[in-house]
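Me: I have a model open and want to learn how to read it. Can you take me through one residue and then its surroundings?
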Amino acid sequence: MTRRHTPPPAGVRLAGTGMAVPTRRLTNHDLAKIVDTNDEWITQRTGIKSRARVSEGEKTSDLAAQAVQQALENAGMTPDELDLLICATMTPDMICPATAAQVVAKLGAVPCGAFDLNIACTGLVAAINTANNFIASGACENVAVVGAEVLSSVVNWDDRRTCVLFGDGAGAAVLTASDDSTQGCLYQRLSSDGNRGNSLYVPRTEKDIPPGEEEAYSGKLNTLQMNGKAVYKFAVTTLADCVAEALDATGLTAADIKMVIPHQSNIRMLQSAWKRLGFDQDKVYINIDRFGNTSAASVGICLHELMDQGRLDPGDHVIFVAQGGGLSWGTSLWRL
């Protein structure tokens, strides 16, 4: 981090957002030429119509840098004003160095502090919570968070159960100290259950394949393996519980919430959750039809689209919520 500790601010403000999606598109009809599937099967079960895929040589850090640059421009800031950058990703360029450090270098923001955060689809919600805490403590003034994924690099393109689900992309936000004590995170929570980690995992060796999961294993190491039924049940229940707990803890009701911004896992999961909660459909943002499941990037992409459409204003209450590999889940309720 590039700044010394300062007195804690009154609040934390969302200053700007950005996103980056590869121009290369992969529709359901394109996938039907690769594996045994079709548009009707994919649409009915997932809600996905198309997803983006990087071109040869395009990296996670490239997408992340584009998204953060746009967020900085929308915030009216320059890269040298950043104190810290947190990159949430399960598909880093390399194990070392951190992708976040590469993003800082590409932005020209050295010596901004930087670290990666990997809890799969829950990553950006965890990054938002962490950034809020750094700013609220006075340790930082300006923090960029970005969820960025090149999931096409860890997909088994012969496995129709998983290859239809995922897309590449990045979503970012810049958070900053505010003099308004009513702005910022009102509630946050992160949880995990490693006992159920074998529901969604990427094995490096055959020894990583959990006992009892051999039959479901797709046959290709270093690719996503998913127990669809277990993940579906977990996601529907957890999403609804996370939102209900956030409302209960803050004394707010569904009527007080402008938007729920959930991880884009599966349209059927999202529909089941919002019906259980009693939210109107137009209060739960959905874009999975255009981008698929982009893991840590999805919440940031949703947030940027909402800001870009002028659908969020200062004073609005929003809930960020996500569930994913780990298993992990997290919530962040904000007053913008």
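Reply: Start with contacts; keep in mind that this is a predicted model. Leaving aside neighbours within four places in sequence, histidine 263 is in contact with Cys121, Leu270, Asn293, Ser295, Ser298, Val299, Val321, Ala322 and Gln323.

Me: Which side chain makes a polar contact with the side chain of histidine 263?
Reply: That of serine 298, at 2.7 Å.

Me: Is histidine 263 buried or exposed?
Reply: Buried means under 20% relative accessible area. Histidine 263 has 1% relative accessibility, so it counts as buried. It sits in the loop between strand S11 (257–262) and helix H8 (267–277).

Me: Which residues does the UniProt annotation "active site" cover?
Reply: The unreviewed UniProt entry lists Cys121, His263 and Asn293 under that annotation. They span 173 residues in sequence, but no two of their C-alpha atoms are more than 8.7 Å apart, so they gather at one spot.

Me: Where does asparagine 293 lie?
Reply: In the loop between helix H9 (288–291) and helix H10 (298–308). Asparagine 293 counts as buried, because its relative accessibility is 7%. Its contacts beyond four places in sequence include Cys121, His263, Phe166 and Ile288.

Me: How many disulfides does the structure hold?
Reply: A disulfide needs two cysteine sulfur atoms within 2.5 Å. The structure holds zero. For cysteine 87, the nearest cysteine sulfur belongs to cysteine 112, 12 Å away. The sulfur of cysteine 121 is 12 Å from the closest one, in cysteine 302, which is too far for a bond.

Me: Is cysteine 121 buried or exposed?
Reply: Cysteine 121 counts as buried, at 6% relative accessibility. Cysteine 87, at 0%, also counts as buried.

Key:
Residues are numbered from 1 along each chain as its sequence is written. This is a predicted model: local features need pLDDT of at least 70, side-chain atom pairs count only at pLDDT 80 or more; totals for chains, interfaces and linings use all residues. Side-chain values use heavy atoms; hydrogens and water are left out. UniProt positions are given in the numbering used here, feature names are shortened, and annotations may be inferred rather than shown by experiment. Helices (H or I, at least four residues) and strands (E, at least two) are DSSP runs, numbered from the N terminus. Buried means under 20% relative accessible area, exposed over 50%, partly exposed in between (1.4 Å probe, protein chains only). Contact means heavy atoms within 4.5 Å. A polar contact is a pair of N or O atoms within 3.5 Å; within protein, one must be able to donate a hydrogen and the other to accept it, and residues adjacent in sequence count only if both atoms are side-chain atoms.
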